[in-house]
Amino acid sequence: MSLAMAELFRRLSCGVYVVGVAAGGQRNAFTAAWVMPVSFRPLLLALSINPNHSSYALLQEGRAFSVNVLRADQRELAAWFGGPQQRDKLAAVPWHSGPTGAPLLEDVVARFECLLERECPAGDHVLAIGRVVDGALLQADAVPLAYRDVGNLDGAEALFPDRFS
Ligand SMILES: Cc1cc2nc3c(=O)[nH]c(=O)nc-3n(C[C@H](O)[C@H](O)[C@H](O)COP(=O)(O)O)c2cc1C
(Lines give C-alpha, C1' and ligand atoms only; values in the text may rest on other atoms or scores of the structure.)
Protein backbone atom coordinates (compact mmCIF):
# COMPACT_ATOMS: atom_id res chain seq x y z
CA MET A 1 0.00 0.00 0.00
CA SER A 2 1.40 3.40 -0.93
CA LEU A 3 -0.21 6.61 0.22
CA ALA A 4 2.88 8.56 -0.87
CA MET A 5 2.72 7.22 -4.41
CA ALA A 6 -1.05 7.88 -4.57
CA GLU A 7 -0.46 11.47 -3.38
CA LEU A 8 2.17 11.93 -6.09
CA PHE A 9 -0.08 10.62 -8.85
CA ARG A 10 -2.98 12.84 -7.66
CA ARG A 11 -0.86 15.77 -8.87
CA LEU A 12 -1.34 14.60 -12.46
CA SER A 13 -4.56 16.46 -13.33
CA CYS A 14 -7.33 14.04 -14.26
CA GLY A 15 -11.08 14.48 -14.38
CA VAL A 16 -13.65 11.98 -13.18
CA TYR A 17 -15.92 10.44 -15.79
CA VAL A 18 -18.65 7.84 -16.15
CA VAL A 19 -17.78 5.61 -19.09
CA GLY A 20 -20.75 3.86 -20.69
CA VAL A 21 -20.68 0.63 -22.72
CA ALA A 22 -23.34 -1.51 -24.39
CA ALA A 23 -23.66 -4.71 -26.41
CA GLY A 24 -26.40 -7.18 -27.27
CA GLY A 25 -29.11 -5.42 -25.26
CA GLN A 26 -26.91 -5.15 -22.15
CA ARG A 27 -25.53 -1.90 -20.78
CA ASN A 28 -23.22 -0.83 -18.01
CA ALA A 29 -21.20 2.16 -16.88
CA PHE A 30 -18.22 2.67 -14.59
CA THR A 31 -16.24 5.56 -13.14
CA ALA A 32 -12.90 6.30 -14.78
CA ALA A 33 -10.22 8.93 -14.23
CA TRP A 34 -7.70 7.66 -16.76
CA VAL A 35 -9.19 9.27 -19.87
CA MET A 36 -7.33 11.69 -22.14
CA PRO A 37 -7.42 13.18 -25.64
CA VAL A 38 -4.64 11.78 -27.84
CA SER A 39 -5.19 13.11 -31.41
CA PHE A 40 -6.74 16.11 -33.21
CA ARG A 41 -7.20 14.53 -36.68
CA PRO A 42 -8.82 12.18 -36.33
CA LEU A 43 -10.25 13.11 -32.92
CA LEU A 44 -9.19 10.31 -30.57
CA LEU A 45 -9.66 9.68 -26.84
CA ALA A 46 -7.77 7.07 -24.86
CA LEU A 47 -9.31 5.24 -21.91
CA SER A 48 -7.31 3.01 -19.60
CA ILE A 49 -9.56 0.15 -18.46
CA ASN A 50 -8.91 -2.76 -16.13
CA PRO A 51 -9.82 -5.84 -18.21
CA ASN A 52 -11.30 -7.50 -15.10
CA HIS A 53 -14.15 -4.99 -15.03
CA SER A 54 -17.46 -6.34 -16.23
CA SER A 55 -17.64 -3.33 -18.57
CA TYR A 56 -14.64 -4.61 -20.51
CA ALA A 57 -16.52 -7.51 -22.15
CA LEU A 58 -19.25 -5.09 -23.25
CA LEU A 59 -16.63 -2.69 -24.61
CA GLN A 60 -15.01 -5.45 -26.64
CA GLU A 61 -18.32 -6.72 -27.98
CA GLY A 62 -20.02 -3.34 -28.56
CA ARG A 63 -16.86 -1.63 -29.93
CA ALA A 64 -17.99 1.74 -28.54
CA PHE A 65 -17.91 3.79 -25.33
CA SER A 66 -19.27 7.05 -24.01
CA VAL A 67 -17.43 9.45 -21.70
CA ASN A 68 -19.70 11.46 -19.41
CA VAL A 69 -17.98 14.35 -17.61
CA LEU A 70 -19.04 14.60 -13.96
CA ARG A 71 -19.58 17.91 -12.15
CA ALA A 72 -17.70 18.97 -9.01
CA ASP A 73 -20.81 18.21 -6.89
CA GLN A 74 -21.27 14.66 -8.31
CA ARG A 75 -18.81 12.78 -6.08
CA GLU A 76 -21.60 10.42 -4.95
CA LEU A 77 -22.27 9.47 -8.56
CA ALA A 78 -18.55 8.76 -9.01
CA ALA A 79 -18.73 6.44 -5.98
CA TRP A 80 -21.90 4.73 -7.29
CA PHE A 81 -20.51 3.99 -10.74
CA GLY A 82 -17.16 3.08 -9.17
CA GLY A 83 -18.80 0.02 -7.60
CA PRO A 84 -19.21 -3.42 -9.23
CA GLN A 85 -22.08 -4.39 -11.51
CA GLN A 86 -23.97 -6.43 -8.88
CA ARG A 87 -26.97 -4.20 -9.54
CA ASP A 88 -28.14 -2.18 -12.51
CA LYS A 89 -26.09 0.94 -11.85
CA LEU A 90 -27.82 2.85 -14.65
CA ALA A 91 -31.25 2.38 -13.01
CA ALA A 92 -30.29 5.11 -10.53
CA VAL A 93 -29.94 7.97 -13.03
CA PRO A 94 -31.65 9.39 -16.13
CA TRP A 95 -29.86 8.32 -19.31
CA HIS A 96 -30.49 7.47 -22.93
CA SER A 97 -28.69 5.58 -25.67
CA GLY A 98 -26.69 7.63 -28.13
CA PRO A 99 -25.99 6.82 -31.80
CA THR A 100 -23.30 4.29 -30.83
CA GLY A 101 -25.63 2.56 -28.35
CA ALA A 102 -23.47 3.49 -25.38
CA PRO A 103 -25.41 5.02 -22.47
CA LEU A 104 -25.32 8.81 -22.13
CA LEU A 105 -26.12 10.39 -18.74
CA GLU A 106 -28.53 13.33 -18.84
CA ASP A 107 -27.17 15.45 -15.96
CA VAL A 108 -23.47 15.87 -16.74
CA VAL A 109 -21.16 18.70 -17.81
CA ALA A 110 -20.42 17.22 -21.22
CA ARG A 111 -20.27 13.91 -23.04
CA PHE A 112 -18.44 12.19 -25.83
CA GLU A 113 -19.23 9.13 -27.92
CA CYS A 114 -16.41 7.03 -29.27
CA LEU A 115 -16.04 4.07 -31.58
CA LEU A 116 -13.34 1.68 -30.42
CA GLU A 117 -10.44 1.86 -32.90
CA ARG A 118 -7.84 -0.26 -31.16
CA GLU A 119 -6.67 -1.69 -27.87
CA CYS A 120 -3.14 -1.70 -26.52
CA PRO A 121 -2.06 -3.75 -23.49
CA ALA A 122 -0.78 -1.40 -20.77
CA GLY A 123 0.45 -3.33 -17.73
CA ASP A 124 -2.54 -4.36 -15.62
CA HIS A 125 -4.84 -2.19 -17.78
CA VAL A 126 -5.77 -1.99 -21.45
CA LEU A 127 -5.60 1.28 -23.36
CA ALA A 128 -8.78 1.58 -25.43
CA ILE A 129 -8.43 4.19 -28.16
CA GLY A 130 -11.70 5.55 -29.47
CA ARG A 131 -12.58 7.83 -32.38
CA VAL A 132 -14.87 10.61 -31.18
CA VAL A 133 -17.98 10.51 -33.39
CA ASP A 134 -20.29 12.74 -31.34
CA GLY A 135 -20.30 14.95 -28.28
CA ALA A 136 -22.08 17.78 -26.51
CA LEU A 137 -21.28 20.48 -23.99
CA LEU A 138 -24.39 20.51 -21.78
CA GLN A 139 -23.43 22.71 -18.82
CA ALA A 140 -20.85 25.20 -20.07
CA ASP A 141 -20.49 27.05 -16.75
CA ALA A 142 -20.23 23.96 -14.54
CA VAL A 143 -16.94 22.99 -12.91
CA PRO A 144 -15.86 19.40 -13.74
CA LEU A 145 -15.04 17.01 -10.89
CA ALA A 146 -11.27 16.62 -10.40
CA TYR A 147 -9.69 13.26 -9.56
CA ARG A 148 -7.44 14.78 -6.92
CA ASP A 149 -10.55 15.99 -5.04
CA VAL A 150 -12.16 12.55 -4.60
CA GLY A 151 -9.44 11.24 -2.28
CA ASN A 152 -9.11 7.47 -2.12
CA LEU A 153 -12.54 6.79 -3.65
CA ASP A 154 -11.04 4.29 -6.10
CA GLY A 155 -8.92 2.53 -3.48
CA ALA A 156 -5.77 3.52 -5.40
CA GLU A 157 -3.70 3.84 -2.22
CA ALA A 158 -3.72 0.05 -1.93
CA LEU A 159 -2.90 -0.44 -5.60
CA PHE A 160 0.12 1.78 -6.15
CA PRO A 161 3.51 0.16 -5.52
CA ASP A 162 5.61 1.53 -2.65
CA ARG A 163 8.55 2.37 -4.87
CA PHE A 164 9.58 2.90 -8.49
CA SER A 165 10.93 -0.06 -10.42
C1 LIG B 1 -12.59 7.96 -8.94
C2 LIG B 1 -12.46 6.62 -9.63
C3 LIG B 1 -11.66 6.52 -10.76
C4 LIG B 1 -11.54 5.28 -11.43
N5 LIG B 1 -10.79 5.23 -12.57
C6 LIG B 1 -10.75 4.08 -13.27
C7 LIG B 1 -10.07 4.04 -14.53
O8 LIG B 1 -9.56 5.05 -15.02
N9 LIG B 1 -10.01 2.85 -15.18
C10 LIG B 1 -10.59 1.72 -14.68
O11 LIG B 1 -10.51 0.65 -15.32
N12 LIG B 1 -11.26 1.72 -13.49
C13 LIG B 1 -11.36 2.88 -12.79
N14 LIG B 1 -12.04 2.92 -11.61
C15 LIG B 1 -12.59 1.68 -11.05
C16 LIG B 1 -13.96 1.27 -11.63
O17 LIG B 1 -14.87 2.34 -11.70
C18 LIG B 1 -14.58 0.17 -10.74
O19 LIG B 1 -13.69 -0.91 -10.60
C20 LIG B 1 -15.93 -0.33 -11.20
O21 LIG B 1 -16.46 -1.15 -10.19
C22 LIG B 1 -15.90 -1.12 -12.50
O23 LIG B 1 -17.24 -1.38 -12.82
P24 LIG B 1 -17.77 -2.64 -13.67
O25 LIG B 1 -17.17 -3.88 -13.08
O26 LIG B 1 -19.27 -2.55 -13.51
O27 LIG B 1 -17.33 -2.43 -15.08
C28 LIG B 1 -12.20 4.14 -10.94
C29 LIG B 1 -13.01 4.25 -9.79
C30 LIG B 1 -13.16 5.49 -9.16
C31 LIG B 1 -14.05 5.58 -7.95
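**View 1. Lining of the largest pocket in the predicted model.** The largest pocket is lined by 32 residues, and those nearest its centre are N50, H53, H125, D154 and L159. A pocket here is an open set of points on a 1 Å grid over the protein atoms alone, with protein on both sides within 12 Å along at least five of seven lines; a 1.4 Å probe fits at its points, and lining residues have an atom within 4 Å of a point. The volume of the largest pocket is about 910 Å³, taken as the space filled by probe spheres set on the points, with grid points joined across faces, edges and corners. β2, β4, α2 and α3 (75-81) are the elements that give two or more residues to this lining, and β2 supplies the largest share, four residues. Helices (H or I, at least four residues) and strands (E, at least two) are DSSP runs numbered from the N terminus. By class, the lining of the largest pocket has 18 nonpolar, eleven polar and three charged residues. Ala, Val, Leu, Ile, Met, Phe, Trp, Tyr, Cys and Pro count as nonpolar, Asp, Glu, Lys and Arg as charged, and the others, Gly among them, as polar. This is a predicted model, in which local features need pLDDT of at least 70 and side-chain atom pairs count only at pLDDT 80 or more, while totals for chains, interfaces and linings use all residues. Residues are numbered from 1 along each chain as its sequence is written, and side-chain values use heavy atoms, with hydrogens and water left out.

**View 2. The ligand and the shell around it.** The ligand sits in the largest pocket, meaning that more than half of its atoms lie within 2 Å of the grid points of that pocket. The elements giving two or more residues to the shell around the ligand are β2 (26-32), β4 (44-49) and α2 (54-62). With four residues, β2 gives the most to this shell. Of the 22 residues that surround the ligand, the closest are N28, T31, S48, N50 and S55; a residue is near a molecule if one of its heavy atoms lies within 4 Å of it. The shell divides into nine nonpolar, eleven polar and two charged residues.

View 3. A polar contact is a pair of N or O atoms within 3.5 Å. In the side chain of S55, an N or O atom is 2.6 Å from an oxygen atom of the ligand. A polar side-chain atom of N28 lies 2.8 Å from a ligand oxygen atom. P84 takes part through its backbone, with an N or O atom 3.4 Å from an oxygen atom of the ligand. The protein covers 90% of the 650 Å² of accessible area that the ligand has on its own, as computed by the Shrake-Rupley method with a 1.4 Å probe.

**View 4. The second largest pocket.** The second largest pocket has a volume of about 170 Å³. Its lining includes Y17, V35, M36, L43, F112 and V132. β3 (35-39), β4 and β5 (64-69) each supply at least two lining residues, and β3 gives the most, four. Eleven residues of this lining are nonpolar, one is polar and none is charged.

**View 5. Two backbone details in loops.** R41 and P42 are joined by a cis peptide bond, with omega about 0°. P42 is found in the loop between β3 and β4.

How values were computed
A polar contact is a pair of N or O atoms within 3.5 Å; within protein, one must be able to donate a hydrogen and the other to accept it, and residues adjacent in sequence count only if both atoms are side-chain atoms.
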